[in-house]
Every structure is written in C-alpha cells, then in structure tokens.
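Subject: A structure for you to look at

Hello,

I am passing a structure on to you, with some notes on what turned up in it. Please open it first and then read on.

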Amino acid sequence: MPRTAIVGTGHWVPARVVTNDDLTELMDTSDAWIRERTGIEERRWVESGTTGADMAVRASRMALEDAGLAASDVEAVVLATLSPDHFFPGTGVFVARELGLGTAPAIDLRAQCSGFVYGLQVSDALIRTRQYRTILLIGVEIQSTGLDVSTDGRDMAVLFGDGAGAVVLQATDEEGRGVLSTHLHAEGEFAEILWGDAPASWRHPRISREDFEQRRIYPSMVGRDVFRHAVTRMPEVVGEALEANDLGTDDIDLLIPHQANLRISQMVQKRLGLSDDQVFNNIRKYGNTTAATIPIALSEAVREGRLGRGDLVCFTAFGSGFTWGAALLRW
Ligand code: COA
C-alpha cells in the first residue's frame with residue numbers, strides 16, 4: 001500500500017494588515033488585552049473583492065511550484081473551509097476551474113478549525129486505496145467579513161484572520177516517508193458553544209432582519225469552555241496518535257498545533273512536555289485563520305528550514321463542532 005507524502009506547501013494571506021491598535025478604533029479593546037489573552041499582535045483581513053477561491057488558488061500555485069508539479073498533475077481537490085464563498089456550490093469547484101483542473105473532483109469539507117486534519121485523513125485514505133495519486137489539499141478562510149467588529153463582538157472579532165494554505169499530497173513508496181496515521185473525533189453535544197447560527201436552511205427565510213437584530217448572523221462562543229476543551233482534547237489526541245505508532249513525545253521533531261490562541265498552544269505544549277523548539281507558532285502575525293492555520297504554519301516552517309527529511313511532524317487541531325484530531329507523518 002502506498003503512503004501519502006506532502007511534496008509541496010504554499011500559503012497566501014491578504015496584504016491588509018490589521019493591528020491590535022487598529023481594532024481599538026472599532027471597539028473597546030486594547031493591544032495589551034489581546035496580546036496577554038491570545039498572543040495575537042496583528043492579523044490579515046481581505047480587501048473587498050478578494051474571494052476565498054482567489055486566496056486558495058494563490059496558495060495552491062505556490063504549493064504546486066514547490067512540488068515541481070503542474071496543475072494538470074492534480075487528480076482531486078479537497079478543500080476545507082467554514083466560510084465558503086457561496087452557500088453552494090462549494091469553493092473547491094471555483095479553485096479547480098481557476099487552476100484549470102478539467103473534470104477533477106472537488107471535495108468540500110466542513111470541519112471548521114479541524115478542517116485541515118480532517119482533509120488529511122480523507123486524502124490519505126484516497127491515496128492509500130489508490131483512488132488518486134496526487135491530491136491538492138487546501139484550508140482557506142475569510143473570517144473578517146462575518147465578524148461583529150463593534151464592542152458587542154469583541155470577544156470573537158479580535159481572534160480571527162483570513163488566509164489560505166495548501167499542500168500537494170502524493171503517493172510514495174519511499175521508506176520512512178509519509179503519513180503514519182490520522183485520528184479524528186467529534187462531539188456534537190457542544191455544537192452551540194462555538195457556532196454561527198444564521199443563515200440557517202430550516203428557517204423561513206434562511207436569513208431575516210430578525211437574524212441581524214438578534215445578532216444570530218455573527219459567530220458566537222463561550223470562550224472559557226472552548227479553551228478548557230481545547231487544552232484537554234489536543235494533548236489527548238496527540239497521545240493517541242503517538243501510542244498508535246509506538247512513539248513518544250520525545251520523538252516529535254515539530255508539532256504544528258492549530259493556531260487558535262497562543263495560550264492554548266502553550267498549554268498543549270506544557271501538557272505534552274515539549275520544548276519550545278519542538279512547537280511551531282505564528283498566531284502573532286495572523287490570528288486564527290481556522291482551517292488555514294496548519295497549512296499556513298507548515299508552509300512557513302518549511303521556508304524557515306524547520307523540517308528535514310525523516311523528521312516526525314505532528315498536526316493537531318480543535319474547533320467548532322466540537323471537532324478535533326491529530327496526524328503524524330514522516331517528512
Ligand atoms: N478586549 C477587551 N476586553 C474584552 C475583550 C476584548 N477583545 N473580549 C472580552 N473582553 C472582556 C469581557 O467582556 C470580560 O469583561 P467583564 O469581566 O467585565 O465581563 C473580560 O474581558 C474577561 O472575559 P473572558 O471571556 O472571561 O476572558 P477570558 O480570560 O476567558 O479570555 C478568550 C477570552 C476569548 C481570549 C479565551 O476565552 C479564549 O481564548 N478562548 C478560546 C477561544 C478560541 O480559541 N476559539 C476558537 C477555537 S478554534
């Protein structure tokens with residue numbers, strides 16, 4: 001059975017930098033509060049007119065170039081987002097169209113902040129079972145246009161950013177390379193702890209003035225509960241992945257946790273007993289870009305020379321649903 005290797009990485013973030021100080025002009029907050037609670041200093045927000053597909057295409061082109069492959073080599077697209085450009089069809093078809101992928105299938109996947117890890121499991125299964133040899137896996141998010149940027153929405157608005165990350169996955173028979181295993185979980189009992197209520201297909205109509213008045217159009221969260229579950233579930237699922245492969249935390253060369261909040265990542269690191277050079281964080285610059293955090297961070301880590309052939313890389317994520325997961329791979 002072939003294994004799945006990451007043979008190219010890429011990312012793209014909008015040029016518009018929004019600093020914590022910029023946010024103080026929109027809402028009652030402060031640079032000190034945001035830094036202290038989240039580790040975020042700035043984030044990127046899209047200019048009007050930029051779509052998720054635009055960002056995904058740019059990240060994908062970079063990943064394909066890195067892999068030394070042409071778009072025509074891609075046999076399928078797996079795209080994770082919670083902020084599709086349209087209610088339907090999914091963003092994947094627009095990306096495939098722009099890249100000129102012909103009739104390659106586009107699989108859109110909804111697992112919020114865990115979207116990239118979920119997408120990796122789906123792609124890995126498709127490659128191992130020889131359905132496809134080369135898959136483009138993308139995480140992309142536009143959060144900024146959905147946030148309440150007044151003081152009423154400050155708990156959410158300061159956290160999120162926009163961006164895209166992509167990886168090219170390919171079947172490999174190379175010894176000591178590729179995905180070792182992926183581990184996913186979900187617990188719908190907590191669906192409303194972190195969610196976007198509207199628009200909702202079951203309401204007549206799907207979106208109404210009432211949704212605006214009652215603020216249902218904005219994402220909402222019970223921050224402390226999210227924090228508590230995240231710092232429990234991520235170490236737990238990393239442990240599950242290590243155990244499945246007879247490995248220990250000392251074997252991890254680089255952990256790339258979903259960038260939700262620096263305090264969450266630091267607690268995950270502490271609970272796993274990892275050193276600073278075993279963990280990659282870039283939330284300071286981008287905030288939480290949801291499904292895009294891990295592929296953006298991976299792309300940066302590669303370009304900073306943080307990964308060498310054979311290194312053990314671990315991804316872990318936690319998000320709305322709740323959903324969470326981990327993956328282990330040899331670089
Ligand atoms: N600026 C200034 N003050 C803010 C604020 C902001 N952006 N957001 C909230 N506050 C205020 C609150 O109104 C509250 O004021 P009060 O005590 O007068 O009521 C106070 O700060 C403390 O709020 P609280 O929510 O208890 O803060 P916290 O210490 O729990 O930190 C989070 C809030 C959001 C940083 C934290 O809960 C968190 O990181 N949760 C996880 C969020 C996350 O990662 N979500 C995505 C997961 S994928």
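By class, 6 nonpolar, 3 polar and 5 charged residues make up the lining of the second largest pocket. Here Ala, Val, Leu, Ile, Met, Phe, Trp, Tyr, Cys and Pro count as nonpolar, Asp, Glu, Lys and Arg as charged, and the others, Gly among them, as polar.

A word on the basis: this is a predicted model, in which local features need pLDDT of at least 70 and side-chain atom pairs count only at pLDDT 80 or more, while totals for chains, interfaces and linings use all residues. Residues are numbered from 1 along each chain as its sequence is written, and side-chain values use heavy atoms, with hydrogens and water left out.

Back to that pocket. A pocket is an open set of points on a 1 Å grid over the protein atoms alone, where a 1.4 Å probe fits, with protein on both sides within 12 Å along at least five of seven lines; lining residues have an atom within 4 Å of a point. The second largest pocket has a volume of about 160 Å³, counted as the space filled by probe spheres set on the points, which are joined across faces, edges and corners. Of its 14 lining residues, D152, R215, Y218, P219 and S220 lie nearest the centre. Helix 6 (154-157) and strand 10 (220-221) each give two or more residues to this lining, and helix 6 has the largest share, 3 residues. Helices (H or I, at least four residues) and strands (E, at least two) are DSSP runs, numbered from the N terminus.

The pocket lining also draws at least three residues from each of domain 1 (3-172) and domain 2 (178-330), with bounds from an automatic or database domain assignment. How far apart are the C-alpha centres of domain 1 and domain 2? They lie 14 Å apart. Contact (heavy atoms within 4.5 Å) links 56 residues of domain 1 with 51 residues of domain 2. The two domains bury about 4,200 Å² between them, 62% of it on carbon and sulfur atoms; this is the accessible area (1.4 Å probe) lost on being put together, summed over both. Between the domains the count is 3 salt bridges, each a side-chain nitrogen of Lys or Arg within 4 Å of a carboxyl oxygen of Asp or Glu.

Lastly, some backbone details. The F88 to P89 peptide bond is cis, with omega near -5°, and P89 sits in the loop between strand 4 (76-80) and helix 4 (91-99).

Best wishes
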